[in-house]
Amino acid sequence: MKTIRQYACSTLLVMSATLTTFAQTANSGFSTTGFWAPSTGAFSPVVHADRHITFRLKAPAAKDVKLLFGEWNIQPQALTKDSSGDWRVTIGPVAPGIYAYLFSIDGIKLPDMANPIVKSGTELYASIVEVPGSPARFDEVQAVPHGVTNIVTYASTPLRRLRNMYVYLPPEYVTQPNKRFPVLYLRHGGGDNESSWSQESGRAPVILDNLLAQKQAVPMIIVMTNGLTDGSWAGGSSKEGMEQLEQELLLDVIPHIEKQYRVQTGREQRAIAGLSMGGGQAYVMGLRNLDRFAWIGEFSSGLLSDPAFDINDRAPGVFNNPAAVNKQLKLLWIGCGIDDPRIPGHQQLVAQLQQRGIRHEVYNIPGGHEWRVWRDQLHQFLPKLFR
């Protein structure tokens with residue numbers, strides 16, 4: 001058994017060793033000098049006051065570097081290398097907006113590692129750069145009251161696993177604690193996930209915040225779920241996959257929202273909409289459940305643009321009584337970019353609706369299959385809801 005003197009000697013040895021370590025660290029050359037120096041600014045990208053954008057990349061061993069700017073009709077632009085091995089290009093002026101971009105480095109596509117803002121979904125797609133507007137754009141963060149977005153985990157009955165959904169609550173949800181709100185169930189595209197509409201590329205919460213501040217939309221909750229059953233487009237668009245997603249929506253998502261949040265529960269207080277794959281889901285699920293949804297919006301759906309698509313295969317007989325459908329539907333919104341290869345199919349879809357006597361609204365705008373089109377579609381769609 002150790003004596004007190006032995007314990008004291010052991011303690012002194014430990015203290016001596018510790019002090020020696022501290023002394024060695026102090027002499028190792030480490031210093032915090034310069035830690036508090038002013039920031040030198042972003043390396044890449046740099047958005048200039050005249051709306052030109054400079055992109056830079058550290059890749060001294062690269063032989064060929066190009067900028068792939070935008071999401072549609074991309075024209076590669078060469079970067080030049082300086083004496084330090086940094087590559088650089090300045091483009092513009094660029095119209096105010098949110099843009100995706102990549103670098104092609106000796107033929108390999110990579111995001112900008114100096115920029116933490118990215119577009120992601122089922123994979124990491126691109127870096128994001130924003131050019132502010134004057135006045136601020138409809139999809140630009142502004143000095144207005146802001147809602148909050150919750151990430152909610154729930155159990156999917158048909159898929160037998162836990163899933164996440166994003167739930168946007170408007171500012172009035174906090175300021176008016178006794179009020180109940182209508183709900184928009186907003187669906188994403190094939191390469192996206194439940195977070196995509198709330199990311200920098202989608203900005204659904206920002207768009208609604210700005211509309212609410214301008215009194216141009218009814219305060220509502222937006223629910224954004226995952227529209228893939230197995231991570232593939234087929235899992236979100238096939239008949240079987242879509243039926244699973246419909247069951248998940250009806251059995252799990254809507255009941256969870258109506259139990260956990262202050263929502264209005266009538267069919268006229270529910271809307272469903274989506275882009276691309278999610279647009280096809282919204283159209284089919286909405287028409288199959290007119291007892292639950294009175295507002296339907298689809299943006300750039302590929303499924304509906306296919307000449308082989310037959311609504312009777314997914315929602316048998318839904319248009320057999322146009323008068324009944326028109327009485328139930330408050331809004332059937334059809335939108336697409338006019339430069340999207342899907343536009344001919346959308347025009348055919350509209351012609352079929354006209355022939356059947358189904359009331360609808362069409363909103364086609366310049367652009368391809370890209371987020372700037374879908375942000376604009378949502379911006380025009382939201383003010384129509386719940387009035």
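Guide: Start with serine 300, in the loop between strand S16 (295–299) and helix H7 (302–305). Keep in mind that this is a predicted model.

Visitor: Why is serine 300 called buried?

Guide: Buried means under 20% relative accessible area. Serine 300 has 0% relative accessibility, so serine 300 counts as buried.

Visitor: Why is arginine 51 called partly exposed?

Guide: Exposed needs over 50%, buried needs under 20%, and partly exposed is in between. Arginine 51 has 33% relative accessibility, so arginine 51 counts as partly exposed. Arginine 51 also has a positive phi, near 75 degrees. Its place is the loop between S1 and strand S2 (53–58).

Visitor: How do you know that S1 and S2 pair?

Guide: Two strands pair if there are at least two bridges between them. Two bridges join S1 to S2, and the strands run antiparallel. Valine 47 stands opposite isoleucine 53 in S2.

Visitor: What makes S1 an edge strand of its sheet?

Guide: The sheet is open and has four strands, in the order S1-S2-S6-S5, with antiparallel pairing. S1 and strand S5 (80–81) each have a single partner strand, so one side of each has no neighbour in the sheet.

Visitor: What holds paired strands together in general?

Guide: Strands of a sheet pair through backbone hydrogen bonds, either parallel or antiparallel.

Visitor: Which strands form a hairpin with four residues between them?

Guide: S11 and S12 do. Strand S11 (residues 148–156) and strand S12 (residues 161–169) pair in the antiparallel sense over nine bridges. At least two bridges are needed for a pair, so S11 and S12 qualify. Threonine 153 has asparagine 164 of S12 as its bridge partner. In the turn, arginine 160 has a positive phi of about 60 degrees.

Visitor: How do you know that S12 also pairs with S14?

Guide: Again, the test is at least two bridges. Three bridges join S12 to strand S14 (residues 221–224), and the two run antiparallel. Tyrosine 166 stands opposite methionine 224 in S14.

Visitor: How do helix H5 and helix H6 pack?

Guide: Helix H5 (residues 239–260) and helix H6 (residues 277–288) pack at an angle of about 65 degrees, with their axes 11 Å apart. H5 contributes Met242, Leu245, Glu246 and Leu249 to the contact. H6 contributes Gly280, Gln281, Val284, Met285 and Arg288. These residues divide into five nonpolar, two polar and two charged. The crossing of H5 and H6 is right-handed.

Visitor: Why is helix H11 called largely enclosed?

Guide: Nine of the 11 residues of helix H11 (residues 371–381) are buried, so H11 is largely enclosed by the rest of the structure. Among the buried residues are Trp371, Trp374, Leu378 and Phe381. Arg375 and Asp376 are also buried.

Technical notes:
Residues are numbered from 1 along each chain as its sequence is written. This is a predicted model: local features need pLDDT of at least 70, side-chain atom pairs count only at pLDDT 80 or more; totals for chains, interfaces and linings use all residues. Side-chain values use heavy atoms; hydrogens and water are left out. Buried means under 20% relative accessible area, exposed over 50%, partly exposed in between (1.4 Å probe, protein chains only). Axes are lines fitted to C-alpha atoms, for helices over the stretch in contact, and angles run from 0 to 180 degrees between N-to-C directions. A crossing is left-handed if the near helix is turned anticlockwise from the far one by less than a right angle, and right-handed if clockwise. Contact means heavy atoms within 4.5 Å. Ala, Val, Leu, Ile, Met, Phe, Trp, Tyr, Cys and Pro count as nonpolar, Asp, Glu, Lys and Arg as charged, and the others, Gly among them, as polar.
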